[in-house]
Amino acid sequence: MSLDSIVDPTITIKPSKKLINFILNDIKDAGGAPDGIISLRKSKKSKKEKVVNITLKIEDLKWLNKYLKEHRKTAKEKIYLHELFDDSDVILPTPTETPRNPELEARIQKLTAQQNAREYQAMTKSIDSTRKFLPEDSIAYQMKQINKQLIAVAQFVFSVIAGFVFGFLGVELIIGNLDFGFRLLLGIICALIIALAEIYFLAVKLNENGFDVMAGKKLHYD
């Protein structure tokens, strides 16, 4: 799954029992307190489950720390915020998750399985006599791959040349005499169109084969 930006950056705190008891029982004057502390004190008369589900925010802790500073000036027992904060849970903001495209996920799984299979074969070929040499270890396999690449390049070049000849000479034969510059422009346009089409179909072919061209790379684990 991909992660989007964080919509709500607010940090919330799930207070511990000690902190909840202090806010409910020991705070005498909650004037000017933030909404979190006020909500918690109001929920004292409500169900216990509602009290447990109350969360605080940073501004609640800031107000509580300020209250404790004033409280320590007159109280016999010195209480500090970090002591009340023990066992509290801090809930950090999390980015929203966007489900990955099912086709993309299936594609990734397929490529991962192919890569794992190649790595497994490379690691175990030395102990398995039936697979001691992988096909890509042979010279014939390497030559076959080179021939494929050379044929693809030659096919691309001849297709582009044929397109240029058609635009430069073929159109003139069909229509009649044309200006040399216009014929040259037609030839270049036809060659570019065919070149783009060849590149597109080559990309589609590689996509259908699961980038099998990568299988020609030899893996060494010896």
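Reader: Which residue stands opposite Ile13 in strand 4?

Author: Ile13 stands opposite Val90 in strand 4. Please keep in mind as we go that this is a predicted model.

Reader: How do you know that strand 2 and strand 4 pair?

Author: Two strands count as paired when there are at least two bridges between them. Strand 2 (residues 12-14) and strand 4 have three bridges, in the antiparallel sense, so by the cut-off of at least two they pair.

Reader: What makes strand 3 and strand 4 edge strands?

Author: The open sheet has three strands in the order 3-2-4, with antiparallel pairing. Strand 3 (56-57) and strand 4 (89-91) each pair on one side only, and that makes them the edge strands.

Reader: How many helices and strands does the chain have?

Author: There are eight helices and five strands. Along the sequence they follow the pattern β-β-α-α-α-β-α-α-β-β-α-α-α.

Reader: Why is Asp87 called exposed?

Author: A residue is called exposed when its relative accessible area is over 50%. Asp87 has 72%, so Asp87 is exposed. You will find Asp87 in the loop between helix 5 and strand 4.

Reader: What is the phi of Asp87?

Author: Asp87 has a positive phi of about 70°, although it is not a glycine. As background, most residues other than glycine have a negative phi.

Reader: What makes Glu70 and Lys73 a salt bridge?

Author: The rule asks for a side-chain nitrogen of Lys or Arg within 4 Å of a carboxyl oxygen of Asp or Glu. In this pair the closest N and O atoms are 3.4 Å apart, and that is within 4 Å, so the name applies. Both residues lie in helix 4, three residues apart, about one turn of the helix.

Reader: Which residues make the nonpolar surface patch?

Author: Val153, Phe156, Val157, Phe158, Ile161, Val165, Leu169 and Ile199 make a patch of about 690 Å². Helix 7 (residues 139-175) gives the most to it, with seven residues.

Reader: Which residues touch the most other members of the largest nonpolar core?

Author: Of the 20 residues in that core, they are Phe22, Ile23, Ile27, Ile37, Trp63, Leu64 and Leu68. Helix 1 (17-26), helix 2 (35-42), helix 4 (58-74) and helix 5 (81-85) are the elements that give two or more residues to this core.

Reader: What does Ile23 touch?

Author: Leaving aside residues up to four places away in sequence, Ile23 touches Ile37, Leu40, Arg41 and Leu56.

Reader: Why is Asn25 called partly exposed?

Author: Asn25 has a relative accessible area of 40%, so Asn25 is partly exposed. Asn25 is found in helix 1. Its C-alpha is 8.8 Å from that of Arg41, a residue 16 places away in sequence.

Reader: What about Ser39: why is Ser39 called partly exposed?

Author: Ser39 has 35% relative accessibility, so Ser39 counts as partly exposed. Ser39 is found in helix 2.

Reader: And how much of the chain is made up of buried residues?

Author: Buried residues make up 25% of the 222 residues. The accessible surface of the chain comes to about 16300 Å², of which 62% belongs to carbon and sulfur atoms.

Definitions and conventions: Residues are numbered from 1 along each chain as its sequence is written. This is a predicted model: local features need pLDDT of at least 70, side-chain atom pairs count only at pLDDT 80 or more; totals for chains, interfaces and linings use all residues. Side-chain values use heavy atoms; hydrogens and water are left out. Patches are made of residues with over 30% relative accessible area and no salt bridge: like charges are joined within 9 Å, nonpolar side chains (Val, Leu, Ile, Met, Phe, Trp, Tyr) within 5 Å. Accessible areas come from the Shrake-Rupley method with a 1.4 Å probe; for residues, only the protein chains shown count as cover. Helices (H or I, at least four residues) and strands (E, at least two) are DSSP runs, numbered from the N terminus. A nonpolar core is a set of buried Ala, Val, Leu, Ile, Met, Phe, Trp, Tyr and Cys residues joined through side-chain atoms within 4.5 Å. Buried means under 20% relative accessible area, exposed over 50%, partly exposed in between (1.4 Å probe, protein chains only). Contact means heavy atoms within 4.5 Å.
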